[in-house]
Amino acid sequence: MRLETLEGSAARAALPALTRLRITVFAEWPYLYDGDAGQEEAYLATLVGGRDAAVVIAWDGAEPVGMATCQPMRDSYATVREAFCRRGLDPARFCYFGESVLLPAFRGQGIGVGFFHAREAHARRVGLGATAFCSVVRNANDPRQPRDHVPLDGFWRRRGYAPRPDLSCIFHWREHGDAAETPHALGFWVKDPL
């Protein structure tokens, strides 16, 4: 198993495999996302083409089994930037961690810790002194939640992140079995300073 941080054209060759990986993992709880390969690949191409953006890939041989992205918040979704501006926080100070996905068979082996280390190193390298990410907010009584689900809150706290209940945003996506996209609330976790 190896982790590799790629930027720009170096990441483009992996986009089809990363697209499949993202769709596979986000189909699970808590996102339940019904992804479209064309939209996903376009999103990832835009992200890796951005200035100072990076993707960290976990490779098992020649196959990517996990990925985590980061980019300056100034280049991220408007809804993310606006959430910070509403609270008087300057998005230009933050590196936004867009997603972190890992196939179930590879979890619990330190790869998630490696993703955080690599993205934080990238943030420092491009001169950003704070980092943030968001996670979907689900009802604790949602019957779709697997019985063995363990929230990642403790893992994120051990990495130095704190929840910010005053920061939130809405993203729209289609869940499996739905005919249309629906709004989903996401809450932020912040490490400031990095």
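I looked up Glu 99 first: at 5% relative accessibility it counts as buried (buried means under 20% relative accessible area, with a 1.4 Å probe and protein chains only). The model is predicted, so local features need pLDDT of at least 70 and side-chain atom pairs pLDDT 80 or more, while totals for chains, interfaces and linings use all residues. Residues are numbered from 1 along each chain as its sequence is written, and side-chain values use heavy atoms, without hydrogens and water.

I placed Glu 99 in the loop between strand S4 (94–97) and strand S5 (100–102); strands are DSSP runs of E, at least two residues, and helices runs of H or I, at least four, numbered from the N terminus.

Which side chains make polar contacts with the side chain of Glu 99? I found Tyr 43 at 3.0 Å and Thr 69 at 2.4 Å. A polar contact is a pair of N or O atoms within 3.5 Å; within protein, one must be able to donate a hydrogen and the other to accept it, and residues adjacent in sequence count only if both atoms are side-chain atoms.

Leaving aside neighbours within four places in sequence, I listed the contacts of Glu 99 (heavy atoms within 4.5 Å); among them are Arg 22, Tyr 43, Leu 47 and Arg 119.

I then turned to the helices. The crossing of H2 and H3 is right-handed (the near helix is turned clockwise from the far one by less than a right angle). Arg 22 of H2 and Tyr 43 of H3 are among the residues making this contact.

Methods
Buried means under 20% relative accessible area, exposed over 50%, partly exposed in between (1.4 Å probe, protein chains only).
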